[in-house]
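Hi everyone, thanks for making time.

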Amino acid sequence: MMIKLWFLMLLLFISFFGKAQQGEVKSKVPDSLTEVKSSTTNISEVVIRSAPRKMKLNDGNLVLSVAGNKDFKTSTHLLDVLRKTPGVTVDQEDGIFVGGRITPAVLIDGKPIVMSSQELQAYLRSLSPEMVESIEVNTNPSSKYDAEFKGIIDIKLKKNIRLGWKASYNGNVYINKFNYRENTLNISYNTGKVTYNVQAGYNEGISTYRYHALQRLANTNIMRTQTYQEDFGKAYNLQAGADFRLNDKNRLGFNLRGNFRNNDRTRNGSLFTTDKSETQLVLNTASENPTDYTQDNYGMTTDYSFQNKGFKLSFLGNYLSVKNKQNDDFINRDQGTSKVLSYWKSDLFNKINVYTAQIDASQKINDIDIEAGVKYSDSDTNNNIRYDTLSVGNQFVFDPTRSNIFSYKEKIWAGYIAYRQKIGNVQINAGLRFENTNSISNAVTADSVVSRSYLKWLPSLSVSYTLNTSSELSLSFSRRITRPAFSQLNPFRFYFSPLNYWIGNPYLLPSFTSQIKASYRYKNWITSFTVGKEHDVMTRYPLYNPETNVLEYLGTNLPYRNFAILEISFPVRITKWWNITSQIAGYYNYEFRPYLDEVFALNIYNYEVRLNQVFSLPKGFIVNVFGSYESKTGNSLYIIKPRYTIDVSVQKSWLDNKLNTKIGFNNLLDSYEQKLEFRHKQIMDNRLTHWWDSSRLIFSLSYTLGNSKYQVKETQKTEEENRTR
């Protein structure tokens with residue numbers, strides 16, 4: 001606790017330090033309003049809107065305006081905005097995906113900020129739509145980005161370019177059986193030479209989850225598992241930063257942040273087992289799994305940029321420290337007699353340290369841009385989990401079969417060179433990247449050490465052609481790498497129930513993906529088509545032991561998969577007060593999957609349809625109806641059943657747009673659970689259902705205040721700042 005207090009004091013000190021940098025304003029730049037008139041085309045009384053105001057392409061990537069966009073007026077935070085963004089999917093646990101199954105890197109103003117997944121989700125939930133200028137979705141990154149970035153979402157924040165201070169408060173309340181509350185306060189102060197920023201947040205509430213499973217091999221017992229979980233969580237965060245405009249050529253920035261959370265989770269389940277005829281009871285047990293979980297995150301970011309005429313030099317450094325602690329009790333009882341059948345405890349400690357540093361330089365020579373950069377990253381992860389089992393003498397003894405000590409160290413040296421030139425209406429981008437990876441995974445308990453060292457060259461090429469102001473075409477190619485995450489490597493058990501868990505594989509190989517993407521825009525109608533092949537695909541597979549009734553999910557590499565993605569998005573104006581943005585996506589996936597001495601290879605087709613309807617009503621009320629449908633999908637082993645969701649929300653601004661109020665209901669029909677079924681019944685009958693409490697009533701309020709009066713001139717183009725990692 002003392003360390004946390006010192007850390008919070010340090011953040012506050014930085015946020016208010018440097019008042020000597022304040023200077024007088026020598027000139028006043030008056031506000032100016034520019035009217036932009038858009039053309040329209042009438043087709044049978046349906047109006048199709050012109051492109052530049054909402055959507056555009058940047059090197060084949062979708063760029064979408066957010067602040068002031070009526071499509072997002074009723075959104076409570078940026079994660080809600082991303083759910084409605086073409087090409088982006090946000091699941092029930094706030095996981096973000098592009099291209100169907102790719103987890104993208106998230107950049108802020110072109111810069112990667114190293115965060116844990118929980119911290120990133122909390123940060124995105126703290127951003128209201130009014131705080132974000134635009135979002136760029138890049139599903140085929142070039143060689144200038146980290147090779148593991150198979151997708152990128154670049155979030156450009158609105159800048160406080162007016163002198164003085166500005167503050168905003170955002171509060172959200174989610175209500176169903178329980179409730180969850182989010183509170184965020186943002187303060188910025190601009191002196192002209194220095195901009196200070198402070199953000200503080202506190203979230204608290206209860207979330208619930210349900211899990212159901214059926215499993216059996218042919219001619220064996222039938223097992224049914226049911227689990228119900230309540231998670232009471234508290235999270236608070238504080239970050240502070242300063243951006244120094246040293247002069248017209250030099251800029252220096254610092255940011256410190258802390259994110260702290262505590263979760264008290266209760267998970268209760270049952271395991272009901274009968275013989276194959278379902279007439280004879282074999283086993284009927286109840287399980288209790290109380291958990292106490294804490295996580296402490298500390299992060300620091302430093303960036304520097306120098307710009308003089310056509311030359312630019314930039315540096316970006318990141319540090320992240322994550323500490324996880326978790327204590328579990330696993331108690332299994334006979335349902336009829338309440339007799340304790342088994343009881344074990346676990347004590348987990350996990351620590352992660354990540355350091356990254358990157359230098360980039362670019363030079364403009366006439367109409368040619370040459371850019372090069374080098375990056376070093378160092379990550380060190382240590383995991384120690386101890387299990388103790390209740391013995392016959394009612395004493396807890398060390399359980400070596402479940403306990404685990406595992407560490408993973410990874411060092412990466414990377415560099416790239418990129419070429420960019422515009423010839424008439426044609427834009428050419430070419431790049432080549434190398435990444436040298438050295439990693440060591442050490443499963444101390446199993447006495448297994450896996451060391452890997454490999455150098456890979458990763459090219460990219462894109463060509464864009466502007467036909468006219470209304471249409472453009474782009475074609476791009478890239479080769480990317482996906483390294484296994486720590487959780488995929490760590491050979492410890494993550495329990496769904498006492499007889500159902502998944503376990504990591506320290507021998508997993510990285511996968512490599514080559515893909516080609518074509519994009520076309522006509523006004524606000526955007527179409528993209530991606531085709532590619534991935535080698536050494538990382539996945540999990542089920543393994544059922546009929547003697548112990550244990551179902552394990554193990555990690556492995558598949559030889560390859562082929563995939564293709566077609567995405568179309570277009571807005572239609574029905575009337576002046578009714579607008580619809582439609583998104584249609586089709587997916588193809590072919591996996592070559594060896595499993596239990598057989599090979600399964602299926603062509604899987606699926607599609608998604610999303611409609612975002614906005615109604616602009618009298619007196620400034622905006623109503624939003626968002627609907628999403630996902631068809632049947634899956635892979636060579638599992639079918640994922642269709643599902644859909646409908647959200648309804650209303651927004652109204654007050655007090656000259658300083659006060660925003662929103663009310664909505666997400667997942668109105670509670671229809672977004674995920675159901676999976678094993679395809680090959682001759683091997684195993686396995687059916688799973690995951691349900692999250694995403695059906696809930698939402699109240700949201702945001703208020704902005706400040707005394708900024710004068711606009712200060714930007715000395716550098718922030719959109720050209722370093723966008724690499």
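**Rings and strands**

Let's start with the aromatics: there are 25 aromatic pairs in this structure, and do keep in mind that we are looking at a predicted model. One of them is Tyr236 with Phe260, a tilted pair with 5.2 Å centre to centre and 45° between the planes. That pair links distant parts of the chain, since Tyr236 belongs to strand 14 and Phe260 to strand 15, 24 residues apart. Is Phe260 buried or exposed? Phe260 is buried, because its relative accessible area is 2%, under the 20% cut-off. Tyr236, at 30%, counts as partly exposed.

Another tilted pair is Phe306 with Phe311, at 6.4 Å between centres and 55° between planes. Phe306 is partly exposed at 22%, and so is Phe311 at 29%.

There is also a cluster, where ring pairs link Tyr541, Tyr595, Phe600, Tyr638 and Phe678. And two lysines sit over rings: Lys345 has its charged end 5.2 Å from the ring centre of Phe396, while Lys652 lies over the face of Trp654 at 4.4 Å.

Now to strand 13, residues 194-217. Strand 13 pairs antiparallel with strand 12 over 11 bridges, and Ser188 has Asn197 as its bridge partner there. In the hairpin between these two, Gly192 takes a positive phi near 105°.

With strand 14, strand 13 runs antiparallel over 22 bridges, His212 standing opposite Gln226. In that hairpin, Asn219 has a positive phi near 60°. Finally, nine bridges join strand 13 to strand 39, again antiparallel, with Arg210 opposite Trp691.

Technical notes: Residues are numbered from 1 along each chain as its sequence is written. This is a predicted model: local features need pLDDT of at least 70, side-chain atom pairs count only at pLDDT 80 or more; totals for chains, interfaces and linings use all residues. Side-chain values use heavy atoms; hydrogens and water are left out. Two strands pair if DSSP finds at least two bridges between them. Helices (H or I, at least four residues) and strands (E, at least two) are DSSP runs, numbered from the N terminus. Rings of Phe, Tyr and Trp (its six-membered ring) pair if their centres lie within 6.5 Å; planes under 30 degrees apart count as stacked, over 60 as edge-to-face and the rest as tilted. Buried means under 20% relative accessible area, exposed over 50%, partly exposed in between (1.4 Å probe, protein chains only). A charge sits over a ring if NZ of Lys or CZ of Arg is within 6 Å of the ring centre and within 35 degrees of the ring normal.
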